[in-house]
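The following report describes a structural model for a reader who works with computed quantities.

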Amino acid sequence: MKNVIATSYTARVNAAHFRLWKRRNPILGKLDFELTERCNNDCIQCCINLPETDAAARQRELTTDEVKGILVEAASLGALSVRFTGGEPLLRDDFSDLYLFARRLGLRVLLFTNARLLTPELVKLFVHIPPLEKIEVTVYGMRRESYEAVSRVKGSFEQFQSGINLLIEAGISFVVKGAFLPPNRREVDDFETWASNIPAMDKPPIYSMFFDFRSRRDSPTKNRLIQSLRVPPEEGIALLRRPGQAYLKDMRQFCSKFMGPPGELLFTCGAGYAPCVDAYGALQPCLLLRHPDTRYNLRAGSLIEALTEFFPRLRQTRAKNPNYLARCTRCFLMGLCEQCPAKSWAEHGNLDTPVEYFCKVAHTEALNLGLLKEGEFGWEVKDWKERVERICQ
Amino acid sequence: MSISGNAVYTVSEDVVAREIEGEIIIVPLVAGIGDLEDELYTLNETGKAIWDRLDGRRRLCEVIDDLSAQYQAAPGEIQADVLGLVTELVKRRMLVAVEPS
């Protein structure tokens with residue numbers, strides 16, 4: 001035997017940062033699970049939520065046994081973590097049961113929640129059987145007026161505060177994220193000061209602000225509202241740059257790895273490697289993409305078939321739209337751009353139409369970083385490699 | 001802590017042990033197993049060979065005999081490895097002793 005009388009036979013590893021696998025990676029590393037599309041908030045910018053009381057949606061949701069069956073298969077394929085999201089996942093009556101089941105399968109659980117439905121009993125469960133991932137709570141405002149102007153539910157701010165207090169008192173590790181919206185735009189300093197006192201916040205909070213259209217394409221009215229709430233690109237980039245040099249350092253590192261024209265293959269983002277099960281059993285390549293041709297019905301199939309046959313075929317899809325071919329396929333800013341099939345689907349109903357808003361955001365960011373000059377377009381630049389090298393030095 | 005060769009050990013209910021792509025991954029279930037909450041544990045090659053034989057039925061002396069038949073090692077080395085691993089995992093609350101059947 002090797003390592004005779006070794007001083008330690010175990011190695012502690014941080015699963016998020018350590019390569020566990022000496023041979024090949026497992027078929028599935030992690031899984032997103034949208035337990036419900038229903039939400040107890042009615043946020044003005046949300047791209048997915050349905051009313052909490054939507055009986056038809058509830059009726060269609062996966063049963064407890066169906067969710068457990070998918071979790072069992074995910075674990076058997078090697079998944080180490082599952083993200084429970086929604087809608088508001090805590091709306092499901094069987095949440096504690098599903099959480100315990102996932103943990104007993106040896107899965108780490110990442111919970112996305114608005115914290116309103118956290119109870120002393122649930123927090124006690126998290127203390128005894130920790131999720132092994134920091135809980136992520138989205139914050140819609142620092143005051144009742146601003147929070148409830150976003151959530152559009154009376155009493156939601158108090159419930160959010162109560163949930164946060166339960167987490168703090170129990171010493172549960174959680175982080176907060178912001179949604180940068182007109183009702184709370186003047187509260188950024190207050191939010192960041194408050195967030196900096198949360199023990200698990202080891203860096204400034206992130207914000208959602210470049211909002212997506214409804215991913216089920218179910219409401220032109222809501223899409224118009226979302227469009228009106230999108231932050232102007234210059235203002236959004238200014239918010240991202242608040243951490244100063246730290247932000248620039250991160251961006252330079254990012255640019256050194258992820259810039260360059262993507263070519264004609266539409267899925268250059270790893271779609272389907274960390275897929276998402278929606279509330280009704282469709283497996284999507286990611287949280288957002290709900291185009292019917294990109295979804296696999298798990299109620300009539302299996303994770304392994306989706307991962308080894310369906311998604312590999314999907315990843316061979318090529319762009320056809322002349323506008324996309326002329327611009328996006330040749331644009332070296334793709335690393336900075338949120339353009340992807342999911343955004344194209346939500347905005348235009350197909351997979352390969354440029355989304356002008358995200359294009360403008362990427363070009364504004366590139367201008368700020370010195371990658372572009374005023375009036376240039378990313379797809380016109382020939383010396384992009386030199387430019388990226390120059391800013392990364 | 002003294003470990004007897006007649007003792008039988010099995011995986012603690014405080015952890016979940018998984019074998020994925022040939023690696024043993026030990027995932028804490030209850031609080032207090034790891035120092036940090038997002039830590040998992042893996043076993044080295046020696047640890048894995050021993051772990052595979054800790055089935056809640058075999059005595060440690062039988063595990064040692066089985067390993068000695070399969071691996072060439074100097075006398076005492078395998079015994080030291082088995083007792084070393086068991087001591088470490090019991091301290092970490094990953095293994096528990098069970099009554100021999």
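## Conventions

Two strands are said to pair if DSSP finds at least two bridges between them. Helices (H or I, at least four residues) and strands (E, at least two) are DSSP runs, numbered from the N terminus.

This is a predicted model, in which local features need pLDDT of at least 70, side-chain atom pairs count only at pLDDT 80 or more, and totals for chains, interfaces and linings use all residues. Residues are numbered from 1 along each chain as its sequence is written, while chains are lettered from A and ligands numbered from 1 in the order in which they are written.

## Overall architecture of chain A

Chain A contains 15 helices and 12 strands. Its radius of gyration is 22 Å, close to the 21 Å given by the globule rule for 393 residues, so chain A is as compact as a globular protein of that length. The radius is taken over C-alpha atoms, and the rule is 2.2 Å times the number of residues to the power 0.38. Along the principal axes, the C-alpha atoms fill a box of roughly 65 × 55 × 50 Å.

Of the 393 residues of chain A, 42% count as buried. A residue is buried if 20 or more other C-beta atoms lie within 10 Å of its own, exposed if 12 or fewer, and partly exposed in between, with C-beta atoms placed from the backbone. Among contacts in chain A between residues at least 6 apart in sequence, 72% join residues at least 24 apart; a contact requires C-beta atoms, placed from the backbone, within 7 Å.

## Domains of chain A

Chain A is divided into domain 1 (30–243) and domain 2 (244–266 + 319–393), with bounds that come from an automatic or database domain assignment. The C-alpha centres of domain 1 and domain 2 of chain A lie 28 Å apart. In the contact between them, 15 residues of domain 1 of chain A meet 16 residues of domain 2 of chain A. On the domain 1 side, the touching residues divide into 7 nonpolar, 2 polar and 6 charged. Here Ala, Val, Leu, Ile, Met, Phe, Trp, Tyr, Cys and Pro count as nonpolar, Asp, Glu, Lys and Arg as charged, and the others, Gly among them, as polar.

## The nine-stranded sheet

An open sheet of 9 strands in chain A has the order S9-S8-S7-S6-S5-S2-S10-S11-S12, with mixed pairing. Strands S9 (207–208) and S12 (296–297) of chain A stand at the edges with a single partner strand each, so one side of each has no neighbour in the sheet. Strand S11 (residues 282–284) of chain A pairs with S12(A) in the antiparallel sense over 2 bridges, and Leu283(A) has Tyr296(A) in S12(A) as its bridge partner. In the loop between S11 and S12 of chain A lies Pro292(A), which is exposed, with 7 other C-beta atoms within 10 Å.

Strand S6 (residues 108–113) of chain A runs parallel to S7(A), joined by 2 bridges; Thr113(A) has Val137(A) as its bridge partner in S7(A). Strand S7 (residues 135–139) of chain A has a covered face formed by Ile135(A), Val137(A) and Val139(A), and an uncovered one with Glu136(A) and Thr138(A).

## Backbone geometry and loops

The peptide bond from Gly86(A) to Gly87(A) is cis, with omega near 20°. Gly87(A) is in the loop between strand S5 (81–85) and helix H3 (95–104) of chain A. Leu132(A), a residue other than glycine, has a positive phi near 70°; Leu132(A) counts as buried, with 25 C-beta neighbours inside 10 Å. Arg217(A), also not a glycine, has a positive phi of about 50°, and counts as partly exposed with 15 C-beta neighbours inside 10 Å.

Leu371(A), in the loop between helix H14 (356–369) and helix H15 (384–392) of chain A, counts as buried with 24 C-beta neighbours inside 10 Å. Leu371(A) and Val388(A) are 17 residues apart in sequence, with C-alpha atoms 6.7 Å apart.

## Chain B

Chain B has 3 helices and 5 strands, which follow the pattern β-β-β-β-α-α-α-β along the sequence. For 101 residues, a compact globule would have a radius of gyration near 13 Å, and the 14 Å of chain B agrees. Buried residues make up 32% of the 101 residues in chain B.

How values were computed
Two residues are in contact if their C-beta atoms, placed from the backbone, lie within 7 Å.
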